Amino acid sequence: MRLSNSESEAGQLRRITPGGVSSPVRAFKPFPLVIDSGQGCRITDIDGNDYVDLCMAYGPLIVGHSCPRVAKAVRDQTKKGSVFGAPSHPETKLLEKITSTVPSAEMCRMAVSGTEATMHAVRLARGYTKKNGIVKLNGGFHGAHNTVLVAAGSGSVNGTPSSLGVPEDDVRNTYLVEYNDAGMFESLLDRNEDIAGIIMEPVMGNVGVVTPKKGYLAEMRKITKEHGALLIFDEVITGFRLSAGSAQGRFGVTPDLTTMGKIIGGGYPAGAFMGKREIMEMVAPNGPVYAAGTFAGNPVSAAAGLETIDIMAEKGRYDSLEKKTQTLVARMRDALEDSGVRGCIQSIASMFSIYFGVDEVTNGSDAQKADRDMFAEMFDYMLHHGVYLPPGPMEVEFMSAAHDEEACEKIAKTFEGFLKQVKK
Ligand SMILES: Cc1ncc(COP(=O)(O)O)c(C=O)c1O
Ligand SMILES: NCC(=O)CCC(=O)O
């Protein structure tokens, strides 16, 4: 496999941008590939190598790269203009779609990224409750803003910043609890009356895929209600992925606020926060909680997001995507078991993740025990055999409506090939 063009461009990039990437998760050794194009479930690098893609840009591309219908919606909108600094028709239609589909969304406000959405939602929760404390999950990721950039650590203790430049004061009111442990959360609320709410991914997606134990989400709903704290579901990954009604629709648990990004922009930058009318009415200009942005509600992103959501709303789309994913995952699990290599594959709907060295991951602490070196070896093997995974072991493998049988066969065969050559 010739990679000389990527190698040389990656070198150029390293000189002009930190690590040669626009986001740290994209860096890997010896150098990241520079991508030229994507079509359906495949991407091509600038040396002309093709890969079956399981990164899928970390989630937005549920209908695949360069989906013709999404591309047309974008072209049609760009002919009319790219941004107006005023309401536009695509934005109205996307807001209508979200508020009529997502159970918690009585009202919704657009933003530009998932990071922005969670930043606004946290501020809104604090503004509405007039309390300061925000609880997050150990291993939960909500983007790169101060309140939520807190190191994963055991115990529901005050967090310490996981990045230089985050003042201690900014995370003094951020608390950590473990996923799938409602008792830990409840005891924190019993001890502390200054908790505005919890922001949590209903299915964890930044420590690999970790699903809720039976009754856990309903329990979190009950506890928050009893203590006057808000339940915020960060559905940046799971929004319009787990079902048309997102994770909350799938599990039948309605939070007070929800954040989204990724799929609602159909591959273009977008974010949104939404929730109960009474809370959302606190947002400026109606109320005293500020949220704004030049590109918020961008009409091109809105047109792409709307088309993507419309495609997935067609009968059978979610079911067939899930079936395809689960068939692949079952085959990969069998291969893992037959190989004698210790590990597990966790999955829901069209998301999965592969852990080595552990048998089950139920929370952020478990995920830390997984074998990262083995994952790196697998990543390298898959890449050199034409399957592109997200480089990090804590990310999600994403399937899309565009993944065809040939692609699934290639993924499974390559994984089996990797397992065969692992030295035991
Ligand atoms: C659950 C979750 N929330 C928030 C974010 C931040 O979104 P964005 O990267 O669009 O800012 C991400 C991903 O990056 C995410 O996975
Ligand atoms: N789970 C982490 C992300 O989705 C981040 C993607 C990026 O920064 O490219």
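Me: A helix is here a DSSP run of H or I with at least four residues, and a strand is a DSSP run of E with at least two, both being numbered from the N terminus. Which helix gives the largest share of the shell around ligand 1?

Reply: This is a predicted model, in which local features need pLDDT of at least 70 and side-chain atom pairs count only at pLDDT 80 or more, while totals for chains, interfaces and linings use all residues. Residues are numbered from 1 along each chain as its sequence is written, and chains are lettered from A and ligands numbered from 1 in the order in which they are written. A residue is near a molecule if its C-beta atom, placed from the backbone, lies within 6 Å of it. On that basis the largest share of the shell around ligand 1, three residues, comes from helix α4 (residues 114–129).

Me: Which residues come nearest to ligand 1?

Reply: The shell divides into three nonpolar, nine polar and two charged residues, where Ala, Val, Leu, Ile, Met, Phe, Trp, Tyr, Cys and Pro count as nonpolar, Asp, Glu, Lys and Arg as charged, and the others, Gly among them, as polar. There are 14 residues around this ligand, and those that come nearest are S113, G114, T115, G143 and V236.

Me: How do the residues of the shell around ligand 2 divide?

Reply: The residues around ligand 2 are S23, V25, R26, Y58, F141, N206 and E395. Sorted into classes, the shell is made of three nonpolar, two polar and two charged residues.

Me: Does K262 count as buried or exposed, and how can one tell?

Reply: The position draws attention since an unreviewed UniProt entry annotates K262 as "modified residue: N6-(pyridoxal phosphate)lysine"; UniProt positions are given in the numbering used here, feature names are shortened, and such annotations may be inferred rather than shown by experiment. K262 lies in the loop between β9 (257–260) and β10 (271–275). A residue is buried if 20 or more other C-beta atoms lie within 10 Å of its own, exposed if 12 or fewer, and partly exposed in between, with C-beta atoms placed from the backbone. Because K262 has 29 C-beta neighbours inside 10 Å, it counts as buried.

Me: With which residues is K262 in contact, leaving aside its neighbours within four places in sequence?

Reply: Two residues are in contact if their C-beta atoms, placed from the backbone, lie within 7 Å. Once the neighbours within four places in sequence are left aside, the contacts of K262 are G59, P60, G114, V236, I237 and G239.

Me: With which residues is A402 in contact, again leaving aside its neighbours within four places in sequence?

Reply: A402 is found in the loop between β14 (397–398) and α14 (405–420), and it is buried because 21 other C-beta atoms lie within 10 Å. With the sequence neighbours set aside, A402 is in contact with G40, C41, V63 and G64.

Me: Which element gives the largest share of the side of domain 1 that touches domain 2?

Reply: An automatic or database domain assignment supplies the bounds, dividing the chain into domain 1 (4–66 + 316–420) and domain 2 (68–313), whose centres, taken over C-alpha atoms, are separated by 25 Å. Their contact takes 26 residues from domain 1 and 32 residues from domain 2. The elements that give two or more residues to the side of domain 1 are α11 (317–339), β11 (343–348), β12 (351–356) and α12 (364–368). The largest share, four residues, comes from β12.

Me: What radius of gyration does the chain have, next to that of a compact globule?

Reply: The radius of gyration is taken over C-alpha atoms, and the globule rule is 2.2 Å times the number of residues to the power 0.38. For 424 residues, a compact globule would have a radius near 22 Å, with which the chain agrees, its own value being 21 Å.

Me: Which residue does a cis peptide bond join to K29?

Reply: The bond has an omega of about 0°.

Me: Does M56 count as buried or exposed?

Reply: M56 lies in the loop between β3 (50–53) and α2 (68–80), and it has a positive phi of about 45° although it is not a glycine. Because 26 C-beta neighbours lie inside 10 Å, M56 counts as buried.
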